[in-house]
Amino acid sequence: MRVVKVTVYKANILLVAPFRIALGVTEVAENFFVRIETDEGIHGWGEGSPFPAIVGETQRICLAAARDMARLLIGKDPLDIEARLREISSFLPHNTTARSAFDMALYDILGKAAGLPLYRLFGGSPRELFTDDTIGIDDPAAMAEKAVKFKEEGFRAIKVKLGTTPEEDIERVRRIREAIGSDIPIRVDANQGWDRNAAIKALRGIEDLGVQYCEQPVAAGDLAAMRAVREKTQIPIMADESLFDVHDALELIRAEACDYLNIKLSKSGGLHMALKIAAVAEAARMGCMVGCMSETRLALTAAAHLAAARPIVRFTDLDSALTHTVDPIVGGMEYGEGGRITLPEGPGLGAEVDPAFLKKCESFTVS
Ligand code: MG
């Protein structure tokens, strides 16, 4: 099998409302799709959703990188994923979000060639997954109101964005807990918004409020501060922006800097590396979450296949498509009652991008 054509689509998707986290405000998901075609009539789809302040890539950077990555693939065997990804990552060793879209499309082709959905290809079973739903930073009353809505919709966990000041953040979680009662966990995410002392103060202030864990309390590169915060609070710490690849996972584990790892395909460069992170996490007996940036249901389907295939993935945070005004995906993972995620049974990802949506997108082809 040979790659004969790669088409890259620029995909802008307006959010239902601006979404604020400690790193900034998102109003439009500036994503892109990659379609890889082979000489045997099989094609694969991938998607990237770059979050610039985390991955150092914008949509424009991804589109430029994708043009060069596509050239590396033409004429080559898409089933030799190890070799293809090695070529791509030795050409651009960072650019994880651009790389993840190609990784995903290659796995889609592999699954279609094998006639298996990806979670089966990875040796997994169709286990039950539930996503949380996330509340962006806002004033405490507005956040509490949204939490009540999510609880009424049946979500089994609510994720809350924090990372301004300890006083405001404690007030946010306190108001949310008062509004929703005590029966579902709250997960918090500071997105690096605190320094060491602020993190300790904020987390101690919410320790009695049923907080399941806190993502990335302090700067991504400061593992010493993460460890210090972890030692000073009972709330488990989850590494997110600190974790891109398997080497980061090993370093975080060795530094005893966290209790959990948040795997995202846009940081790991796709499924290939994500599976390695899950293996290292399993060796360390460290639970993982599979999370998202602002992907459509296409990349979320890839993430859900990964989550289903690896029981070390204990939490799923795959809610981004719920915030979009448009759903351009046909097939793929579906949201059910209370955040239940159902995986498709078709081969590969089991998801396609709607041709009617693609007609409106700028695109280019490399062949
Ligand atoms: Mg996070």
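Three protein residues hold the magnesium ion here: D189 (OD), E215 (OE) and D240 (OD) are its donors, sitting 2.0 to 2.2 Å away. Bear in mind that this is a predicted model. The protein chain runs to 367 residues, and 57% of them count as buried.

**The magnesium site**

- Along the sequence, the donor residues follow the spacing D-x25-E-x24-D.
- D189 belongs to strand β7 (residues 186–189) and E215 to strand β8 (residues 211–215), so this pair, 26 residues apart, ties together distant parts of the chain.
- D189 has 0% relative accessibility, so it counts as buried.
- E215 also comes out at 0% relative accessibility and therefore counts as buried; the cut-off for that label is under 20%.

**Overall build**

**The cavity between the domains**

- The count comes to one cavity of 30 Å³ or more, and the largest cavity has a volume of about 30 Å³.
- Elements giving two or more residues to the lining of the largest cavity are β3 (43–48), α4 (96–114) and α11 (265–268).
- Its lining is made up of E47, G48, S49, S100, M104, L265, S266, E295 and A299.
- Sorted by class, that lining has three nonpolar, four polar and two charged residues.
- Where does the largest cavity lie relative to domain 1 and domain 2? It lies between them, because domain 1 (3–115 + 353–366) and domain 2 (120–352) both give residues to its lining.

- Q192 isn't a glycine, yet it has a positive phi of about 70°.
- With a relative accessible area of 23%, Q192 is partly exposed.
- E256 is another residue other than glycine with a positive phi, in this case near 50°.
- Look for E256 in the loop between α10 (246–254) and β10 (260–263).
- E256 is partly exposed too, at a relative accessible area of 44%; a residue needs over 50% to count as exposed.

Terms used:
Residues are numbered from 1 along each chain as its sequence is written. This is a predicted model: local features need pLDDT of at least 70, side-chain atom pairs count only at pLDDT 80 or more; totals for chains, interfaces and linings use all residues. Side-chain values use heavy atoms; hydrogens and water are left out. On a 1 Å grid over the protein atoms alone, a cavity is a set of points where a 1.4 Å probe fits but cannot get out, and a pocket is an open set with protein on both sides within 12 Å along at least five of seven lines; lining residues have an atom within 4 Å of a point. Grid points are joined across faces, edges and corners, and a volume is the space filled by probe spheres set on the points. Helices (H or I, at least four residues) and strands (E, at least two) are DSSP runs, numbered from the N terminus. Ala, Val, Leu, Ile, Met, Phe, Trp, Tyr, Cys and Pro count as nonpolar, Asp, Glu, Lys and Arg as charged, and the others, Gly among them, as polar. Domain bounds come from an automatic or database domain assignment. Donors are N, O and S atoms within 2.8 Å of the metal (3.2 Å for Na, K and Ca); water is not among the atoms, so sites may look incomplete. Buried means under 20% relative accessible area, exposed over 50%, partly exposed in between (1.4 Å probe, protein chains only).
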